[in-house]
Amino acid sequence: MAEYNFREIESRWQKFWTENNTYKTENISDKPKYYVLDMFPYPSGAGLHVGHPLGYIASDIVSRYKKLKGFNVLHPMGFDSFGLPAEQYAVQTGQHPAITTENNIARYKEQLGKLGFSFDWEREAWTSKPDYYKWTQWIFIQLFHSWYNKKSNKAEPIESLVAEFEKEGNNYILAACDEDIAAFSSNDWVGFSEKEQQEILLKYRLTYLAETMVNWCPQLGTVLANEEVVNGVSERGGYPVERKKMMQWMMRITAYSDRLLSGLDTIDWPEPMKDMQRNWIGKSFGAEVSFEIVDNEVDNGQLTVDGSEKALNLTVFTTRVDTTFGVTYLSIAPEGEWVSKLTTPEHKAEVEAYVNAAKNRSERDRMSDVKTVSGCFTGSYAINPFNGEKIPVWIADYVLAGYGTGVVMAVPSSDERDFRFATHYNLPIIPVQEGAKTDITKDDFDPKAGTMINSGFLNGLTVPEAIQKAIQFVEEKKIGKGKIMFRQRDAIFARQRYWGEPIPVYFKEGLPYTMEESDLPLTLPKIDEYKPTETGEPPLARAKDFKYKGYPLELSTMPGWAGSSWYFLRYMDAKNQNKLVEPQIEKYWNQVDLYMGGAEHATGHLLYSRFWNMFLYDSGLVTSAEPFKKLINQGMIQGRSNFVYRINDTNQYVSYGLKNQYDTTALHVDVNIVENDILNTSLFKASRPDYAEAEFVLEDGKYICGHEVEKMSKSKYNVVNPDDIVDKYGADTLRLYEMFLGPLEQFKPWNTSGIDGSFRFLRKLWNLFHDKVGNFNVSEEKPTKEELKALHLTIKKVEEDIERFSFNTSVSTFMVCVNKLQELGCNKRAILQDLLIILSPYAPHITEELWSQLHSFKINDGMEVSPVVGNLEEIGSITKAKFPLFIPEYLNEDAFEYPISINGKVRTKLTFPSDTVPADIEKEVLNSTEVMKWTEGKDIKKVIVVPKRIVNVVF
């Protein structure tokens, strides 16, 4: 007797796939290619929970389906294996991060292997392996030796820039570069020392050193990206973060801002994801305007205005230069360079206190917190260049030093944040627009509505007209100019930590030079501890003789996004030690056709990957400017938490339905000791020492837990381990259930009690192939029309669903089909064989097993093939089958049962051949005994026949 023994079946087929290299992909093929990629995981010590495989299952379904449709499918997997958690564990325990990482990856691969994914593991890549990060370092070197030529709108070798300098100096150079570059001639260039030339080139390179404001976390001993700081503390660990200036490696991503924006129109990504990148890049059209500081004298001798020193001008960037007549104060960023220069002696203590408080808030927090109003007056004043009025200069933390010029001209009547600030500090508010929707205190306020008032030569103009005339004014008066500005800033490319890619740079006379490419990789040295030195230097400073050709090497390592910015290319040619990727292979695979991953990476990994790929495109190393053709953001599987209710000041726990009778505190309880909200009280008492003597107030002899849908996390005790589900129900059941939960992109709660339906479905499928005593029983009889209809309805629906990534409705369709075939008593090979093929992307183990039985070859424990009729070479794994062709004719009906409505009420039903014309249907209906019973003696006004829908008789 053959039962559905999923444990044995799944173990056997996973072993078969591994030993036979079933999922190996060839780089050269006559088949069309399809590249499916999952965002590779960071291997945390916790391993996978049931929410993690959601995207992997969906991408695996697409991969298997495309293979059945005749594509050469690339579906690789690897690990983003550099990361702060492993380093923090190393700091705490002394264990090398590589050991921790390797152990964690082994655990991940064990879990992934149990779920039956069709990954080509021969292409596996770890970002922390030297043979991988050799090429990350190589890309860094290419960036260092490149500049962005705005004339050609692409990156070019730095040698071409040097040639321009030698020919004409920098007078005709249009480049993405630093703004503080002085003009020089070709003669000047030739006369510069090597050090002077290198200092100038550093201002043009695509990766460069610069002093910048960073998020510094002392406890972690490293700089954090903006997205790694939440509410002033580190996202990981919750440690305090402060803003400080440091010399950092930077990537000149701003050179690509326009192309990163326009490229979004060429790719199939979710619109919210595109909007996140558009907003992050933040292209603005406006003007720069200078405001002169007046009547100012500070105590440090840096500035004296209206005295002996030269006057100071603050330059603002604004998209609303038309509102300049309404400027009543200037606000500068707390971390801005002007703070000390503008702070007068009587305000110095107050300003320093404010700046120290503001610098510990991340830029993201400052921008998102629109309710908190805070600021500090510097004591300085400026002149409004449009009306000559003297206005105060304030410090405000809603101004960012890195966006625009770090100075904002405040127009309280036209900007809500300025309005809140001015109202809070009782500063003047001058209306500059009138008409409908121009009252900033009203909900319908539109800052671009109405016409200009109180604005001198702009009065009466609409906003667009006023903007153009104001730009013309500032340019004529030489107090400003029209300008395009981007919110995006150059990316910090360094972390003061150990566990990351070493930066292949050494220093000579204080200037950076890159290592020879032939000397790569620069590997991580051995050190005694993994924390910063006692003097605050990065951990690499602990290494003995960490030098290159006698010169000191860079002590920072690359950020977490470095290795993930190009890994999709490594999978194409994973074993190549001589090239980033073989051109012929890259040209074949080209873009990733489907990229699956979370929306949280919008302004991090996904933006940086596009940037690096565009650079490699400019360099002729890849054939497409965009790396990811289509992106899907899978939703999150949320945890379903359970709660027990402790009666306060006791060790008693009251059941959910009785809790309102007591004064209780709700406590999370491990969902793994709860089934259908019923607590296993024995396991509860054994789970923790303080629960050992617990007493329970029960309902009908049971303890009923409360429940709530929350994020799945260890702290909420709602993590469900996929290993447990696989052991109890099987991987195929888990795969089906996760797809069945709802649309892929949506958030949905996990509920283990709901998984039984998927498990019962697979047993029903199994039973279609076996008789009541468990013997394999498949008929060679010709299928009936009903059986063919059930099959081809399913083929059509499943094909449509996978093509539009609607996997949940496919699972429902499979269930309907199997129920119908069970009802028809169908066990015919012609039907069941095609059913297995279309189901195999979803449930690969059971379909492989039934496919092998259907073709009369069996896989024994030694993995040898014992042919009876066919053999493995002739029939092959189900992965080698072809997706069945949908035949529309099988859905045609031979007959249709019409509801017969008499004066609007259905009174009976009559069946007619499908090709019966309406006139014949009308005649038969009126002559029907059942209809005549209702119409006898009545005057029939009309008979309405809606083909294959309904017949309505009206009297």
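Predicted model: local features only at pLDDT ≥ 70, side-chain atom pairs only at ≥ 80, totals over all residues.
Residues are numbered from 1 along each chain as its sequence is written, and side-chain values use heavy atoms, leaving out hydrogens and water.

Let's start with the overall view. The C-alpha trace of the protein chain spans about 110 × 80 × 75 Å along its principal axes. Its secondary structure comes to 29 helices and 40 strands (DSSP runs, with H or I of at least four residues for helices and E of at least two for strands, numbered from the N terminus). Of the 955 residues in the protein chain, 53% are buried, meaning under 20% relative accessible area with a 1.4 Å probe, protein chains only. Among contacts (heavy atoms within 4.5 Å) with a separation of 6 or more, 72% are between residues 24 or more positions apart.

Now zoom in on S655. You will find S655 in the loop between β28 (652-654) and β29 (664-669). S655 counts as buried because its relative accessibility is 0%. Beyond its neighbours within four places in sequence, S655 is in contact with V697, L698, E699, K702, Y703 and I704. With E699, the side chain of S655 also makes a side-chain polar contact of 2.5 Å; such a contact is a pair of N or O atoms within 3.5 Å, where, within protein, one must be able to donate a hydrogen and the other to accept it, and residues adjacent in sequence count only if both atoms are side-chain atoms.

Terms used: Buried < 20%, exposed > 50% of the residue type's maximum accessible area, 1.4 Å probe, protein only.
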